Each structure stands twice: as structure tokens, then as C-alpha cells.
Amino acid sequence: MPAQQRPIIVVTGANGGVGFGICHRLLVQLAHRNPPDASPRLFSPHPQITIPDSVGSHDVPASTGATIVMACRDRTRAERARTQLLGLLDDHIAKLDARSAEGAYAREFRANVELTVMYLDLSIMESVFNFGTEFGERYLYVSHLICNAGVAAFSHIGWGKFFKQLATKPMHTVEHPCYNIQTKGTRSKDGLGWTWQCNVFGHYVLLAPARLIPGQFRTMQPVLNAYSRAVPASARVIWMSSIHASPEYDRVDWQLMDTVLAYEASKYQNDIIALELTRRALLRTKEPVSASGNGHAVANGHANGHAVANGNDNQQTSVVEDEADGQVLHYLVEPGITPTNFAALLLDQIPFGRFFMAALFYIVRLMGSPHVLFSPYHAALAAVQVALAVPPLPSVLTPHVHDPHHAMPKYGSQTDRWGAERLGVAEAREVPKREGEGRVLLDKCEELYQEVRNGMLEGKAED
């Protein structure tokens, strides 16, 4: 992270689950002069990714502090979570030697940290636009946007499917469950697919270009660009994926209202949107993009993992359009599998449900699954290491953006059989026979964004 620059980090869905874990881990890590998470090491090296042995120093004075914005839809729960997070930070600092330089740094950081709650309900478009406007009025820039918030319309457990999967593929019972039944056809107040709007479109709108009358419906793109212009580094947008991501939906049903796997499909859509945003950003470079030996994208002679957005793109105007004034890196991460509110809603329907699932998780982890984590703090490993890594982790794999098999890394929180955490990586790419779907989906999101924005502007003019 650049010296002398206070990080301002937005985490959506921060009051519980993995979002809470991300905030907790960020606070603990940033309380150290050189956070361990700023020097990640991949457990399973990828042939196209090499992380330098010598990494830069975090080197941000404690007096600079940090700002973490918890973007949540439930203010009461968010404020309760904020109090808990500050208590956890205090507990961590209390364990440090108060006479050491590390302890002094942490105490000074604590005095200057800002953990604040802002209202954001991704299922209501007006709330998304209002969040962008309010944020722009409070802050001049944002260094990281972590698109973590997600929902699922789970209704019940299909016990027949559960016991069949447990008997035939016990590891899949945890890693790829087929028995969590979801309700189809749930719509948001805006008339869109509810799961899709919360998990995909709401975050897209946060990143959409703000070519509006000043002060009206500002989005996050200008403040991301402001950070990239102010410091010699790129702002980072981190999309939360899942090991459950699945393309099992009809292309016509791109709002995922008629699929029985809306949650899984929404995570796959996040994958291909991030892929397409990265591809379009690289296409805007003046010179062809190649891959250096360390897996970083090389643009205009800079092998620093930054995609310089300039020039013209024949693609429809979208999020990337306003990135010409600043560099924004897009990343994919997945948190593995950890008990969340989703699981609790289903498991509480049966006696000892949580105990049974915890036992099953332990068994599956001992069988060799690297994806089972029992703590949101450990599940946050991938998101926080991607956020804090110095220099930035690679955000692209393929040597050329015109490669029909364009791919990017998906960093994952993992653990060994005994619970030691580690950073894994897999390739994210479009499924064969569905190539080009990211381009189509991004254009559809942009068309819908323009429609919603214009409708809200007309409504505001009438008022």
C-alpha cells in the first residue's frame, strides 16, 4: 500500500459472516506495520503466477490510520457488529508487548482507525444510488471496494437428496451440496430477480460510470479513479465468488428468476463479469498486452500488474469507460466453506442441526478437503491478502486479451487437514460453449443500469 496514503476500504455485507470476518482481519492486519497478509504466498503455485520473494513494505504510518466502511442494510445489526469488531481489535492489541515498537504502532493505529457504518441495501436501487452519492460527499477517494454482500433464497433441505449425496459422495455433501432447495421467482422491490440484483447487479451499479448532473446519483467509480490518480498504485475491486459457482442456468434467464440454482449462478456471473471487465480494460491499452515471467500483465512497458486504461474500445460503454482516468484492478476471490447465516437458517429447522453439520465439516476436512474453514476470520484470508498484497497479486493469466480462452486467477481461502490456513488459486474462465457470455451479460447490465438511472432521474425531476 502506498506510503503516506490512508486506506479507505468499503466492505458490503459487513455485519455478519464472511463480511464480518473481512473487517476483523483487516483491522488486525493493518494494526501491524508490516501485515503478514501483505506478503502472501500461494500454497499451490500456478505456472503463470510467480510472487516475488522480496515484497514491498506496507510502510503506512500508524498516525495515518485506516477507514473501513461497513456497507450494510441492517443498521442495528451493523452497529452491533461495529462494537464487536472494535472489541476484537482491542483484544488483539492487548496481547502485544506495550513496550515494543509493534505495540506502540498498534496503539497509535487504534487511536486513528475509523470504522463506520453506512446504509446500503443492494435489493433497492435507490439505496445503491444514494450510497454512492453519500459516499462521494464524505470521502475523496476509495482504495478498495470489496463486493462481498450476497443473498440466497434457500427455503428448506431436501433430505432425500442429502442422504443420497452423503452415501455416494460424502465430500460433495459439503463442497457441492445439491440438497439446499431455493425458491424460484423471487423478485426485488424494483421488479428484478432478487438474488441476481443483490449478488450481481447491485454491485455493478456501484461501479457504473457517473455521467450525471453533479450531486445526483454518484457511483463509486469516480472515487476509485481518484485514488488511482492520486497515488502510484491501482484501486482494487474484489468480487466475491464461490466454489459453488455454476453456469447451470438458461442464458435467456439472465436475471436468474427461473433457475433452481440462482445463488450458484449469480456467483458464476460475478466470475464472468470480472473476466470481461479485465479484458476490456486491457483492450484499452495502447500496446499489445503480454505476460511477463511473473504472471503480471504488462501494459505500456510496466510489469506491475496494473492495466492502464486508455485509447478506444469498440465495446458498448460500461464500467470501464470511466477507468480511463484511473487504474482499477479487478480480482476474484472465494472464501471456501464456513458456517454462515445461510446455513443457520436451514440447520435450525432440525434438532442439533448445527452440531451435526460441524461434525460433518470436520470429517470432510480430515478426508482432505481444503475448502472447509470454521471461522469467518480464516474465510477472509483470500480477500484480505488480495487487498493488502504488496506488490499487487496478478489479476490476469492469459498472455493476450484476444485469446479466446481468456482467464484470470481466482484466489481462495484454504486450510490443511489440521486447520492451518493457506492461499490457493484456481483459474476462472468462461465455460466452453458459453464463451462470450460475459460480454453479453455486461452489456445487458449496462442497458438496465441506464434504464434504471434514467427512470430515477425522471422521478426526481417530477418531485
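Student: In which loop does proline 391 lie?

Tutor: Residues are numbered from 1 along each chain as its sequence is written, and side-chain values use heavy atoms, without hydrogens and water. Helices (H or I, at least four residues) and strands (E, at least two) are DSSP runs, numbered from the N terminus. Proline 391 falls in the loop between helix H13 (381-388) and strand S11 (407-415).

Student: What is omega at the peptide bond that joins valine 390 and proline 391?

Tutor: Good one to check, because most peptide bonds are trans. The bond between valine 390 and proline 391 is cis, with omega at about -5 degrees.

Student: Is leucine 256 buried or exposed?

Tutor: You will find leucine 256 in the loop between S7 and H9, with a positive phi of about 60 degrees although it is not a glycine. Buried means under 20% relative accessible area and exposed over 50%, with partly exposed in between (1.4 Å probe, protein chains only). Leucine 256 has 5% relative accessibility, so it counts as buried.

Student: And is lysine 433 buried or exposed?

Tutor: Lysine 433 also has a positive phi, about 80 degrees, and is not a glycine. Its loop runs between strand S12 (421-429) and helix H14 (437-462). With a relative accessibility of 82%, lysine 433 counts as exposed.

Student: Why is helix H8 (residues 221-230) largely enclosed by the rest of the structure, and what does the covering of its buried residues include?

Tutor: Helix H8 is largely enclosed because seven of its 10 residues are buried. These are Gln221, Val223, Leu224, Asn225, Ala226, Tyr227 and Ser228. Their cover includes helix H4 (125-138), strand S4 (144-147), helix H7 (194-207), strand S7 (235-240) and strand S10 (328-334).

Student: What is the volume of the second largest pocket?

Tutor: On a 1 Å grid over the protein atoms alone, a pocket is an open set of points where a 1.4 Å probe fits, with protein on both sides within 12 Å along at least five of seven lines; lining residues have an atom within 4 Å of a point. This pocket has 13 lining residues, with His176, Pro177, Cys178, Leu261 and Glu264 nearest its centre. A volume is the space filled by probe spheres set on the points, which are joined across faces, edges and corners. For the second largest pocket, that comes to about 270 Å³.

Student: Over which residues does pLDDT stay under 50, with 84 contacts beyond four places in sequence?

Tutor: The protein chain averages a pLDDT of 82, and 78% of the residues score at least 70. Where pLDDT is low, the predicted coordinates should not be read in detail. Counting contacts as heavy atoms within 4.5 Å, the stretch you want is residues 286-317.

Conventions
pLDDT is the predictor's confidence in each residue, from 0 to 100.
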